[in-house]
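Visitor: Please walk me through some contacts in the model below.

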Amino acid sequence: MKVEFVAFPKAFSGNVALFVGAEKVLQASARAVDETLDGAVTRAIAASRFTGAKNQTLCVLGQAGFSRLMLLGVGKESELDARAAEALGGLVAADANTAGQTAVTIVADTIKGNKLAPAEVAAHLALGARLRCYRFDKYKTKDKPEQKNSLERVTIAVASPAEARKAYAALEPVVDSVFFTRDLVSEPANVLYPAEFARRAKGLAKLGLKVEVLGEAAMKKLGLNVLLAVGQGSERESQLLIMSWMNGPKNQAPVALIGKGVTFDTGGISIKPAGGMEDMKWDMGGAGAVTGAMRLLAARKAKANVIGICALVENMPDGNATRPGDVVKSLSGQTVEIINTDAEGRLILCDAMWYVQEKYKPQAMVELSTLTGAIIIALGHERAGLFSNDTPLSDKLRKAGSEIGEKLWRMPLGPKYDKLIDSDIADMKNVGGGRDGGSITAAQFLQRFVKEGVAWAHLDIAGMAWSSKGNETTPKGATAYGVRLLDRLIADNYEK
Ligand code: BES
Ligand code: MN
Ligand code: ZN
């Protein structure tokens, strides 16, 4: 899809979207069009419940000179921030595709009193349109043209097109990185298994990322036995993917980003019920987000030191699979009784976390995983669960999340929860306390692998990695939740 920025034309035609502010205040271009159309815009508003509130739209059809005319509610001037502009861009793009339009012009009138510069409004409108037009249709061989996205060109008319072009160029890597992650998460598990995930990550070396992959032999030598125990029932080789982006000050300790990459989670011997099991192809959403974030940091040449590490395995039942009750020694030296082979995320992460701390001595460690169904019960699909031993890091993450629109909610940790995973036979067991507080006991397990003095956060993104509904900027399916959150966390706190 092509994006272009132009100055306000003298007259409008074709497929056009115009700003209307709260309480039906037509912005300059809507006013001008209303005049040329002898009040058709005002009449259409009067015949509807459209008020110009944020994200309201009204199509004024059948007007001479226009293939389609849309009024876009921008709400109060204070409401038009970057996220709001992206949502509007997404709404317009979706409408154009539904209507089979190949082009649309969004007229980004300068809104008096708005804090966001018009060029930024324009750039984020374009970003939202692009993000909404993602489609994963590579396996559809029979799509009719009307089932495909029709939109080919988005034009944004704005007071400062040159500035807008520059602002958009800075945002374009976001689109490519989010799409990279959405592709990883959308792929079926017969196509995307650990080695294939690693292969795609290796392709990011062209952006300047250093990418290393450890196979099973190397991990065995090092002692990542708990990670290997999860993958041992699979025909596919487990992988540890390590991406480094060290473009910050020479002696500054890196931030480590860690991702759960279970390319398919059957549950193993503690097998899951059949209904909905196909969802477990996206049990690598954490790894997908970390890899997309690393891609974005490299693409925009972030001035930071960041290590991205992904534990990639497939969790299968098999004659060689781990049995409930097996005891395995982790890289940290601590022993784990594997009571439930379906609680596999924490198992692969504990060794990856220990490895990254030993090898890279990070100042902070942020881990993302589709870890528990229980977090979906607690928070639904609006917020990821945030668990941390460090309030400053928590606050940085929450701030980044609310700025970028990938929200978090801090959850508790504590010794009473921790006690629930003590084992009778080993140092700990991988589940405890029944289903009660299931997301918290999972986090307690991970915390046992955090070294003294390391700021750590665990983001349980089980409710966020996939959307069955979609929203203004995300079609249903893989969301790439976490990519922009991590990028913003680094940009706001660890650069320069
Ligand atoms: N990958 C699942 C968690 C999950 C569930 C993610 C639904 C997305 C949607 C995880 O490995 C898992 O199976 N967790 C178990 C833990 C239980 C066995 C303690 C769960 O949540 O049921
Ligand atoms: Mn599982
Ligand atoms: Zn899982």
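Visitor: Which residue forms a salt bridge with D95?
Guide: In this predicted model, a salt bridge is a side-chain nitrogen of Lys or Arg within 4 Å of a carboxyl oxygen of Asp or Glu. The closest N and O atoms of the pair are 2.7 Å apart. The partner of D95 is R68.

Visitor: Is D95 buried or exposed?
Guide: Buried means under 20% relative accessible area, exposed over 50%, partly exposed in between (1.4 Å probe, protein chains only). With 15% relative accessibility, D95 counts as buried.

Visitor: Which residues are linked with E187 in a network of salt bridges?
Guide: E187 meets R200 in a salt bridge of 3.0 Å, N to O. E187 lies in the loop between helix 5 (161–186) and helix 6 (194–202) and R200 in helix 6, so this pair ties together parts that are 13 residues apart in sequence. E187 is buried at 1% relative accessible area, and R200 is buried at 18%. The network links E187 with K138, E196, R199 and R200.

Visitor: How many salt bridges does the count come to?
Guide: Another pair is R448 and D418, with the closest N and O atoms 3.0 Å apart. R448 is buried at 18% relative accessible area, while D418 is partly exposed at 22%. By the rule above, the count is 25.

Visitor: What coordinates the manganese ion (ligand 2)?
Guide: Donors are N, O and S atoms within 2.8 Å of the metal (3.2 Å for Na, K and Ca); water is not among the atoms, so sites may look incomplete. E344 is buried at 1% relative accessibility, and D342 is partly exposed at 22%. At 2.1 to 2.2 Å, the donors are D265 (OD), D342 (O), D342 (OD) and E344 (OE).

Visitor: Which residue bridges the manganese ion (ligand 2) and the zinc ion (ligand 3)?
Guide: The two ions lie 3.2 Å apart. The bridging residue is D265.

Visitor: What numbering and cut-offs apply to the model?
Guide: Residues are numbered from 1 along each chain as its sequence is written, with chains lettered from A and ligands numbered from 1 in the order in which they are written. Side-chain values use heavy atoms, leaving out hydrogens and water; totals for chains, interfaces and linings use all residues, local features need pLDDT of at least 70, and side-chain atom pairs count only at pLDDT 80 or more.

Notes. Helices (H or I, at least four residues) and strands (E, at least two) are DSSP runs, numbered from the N terminus.
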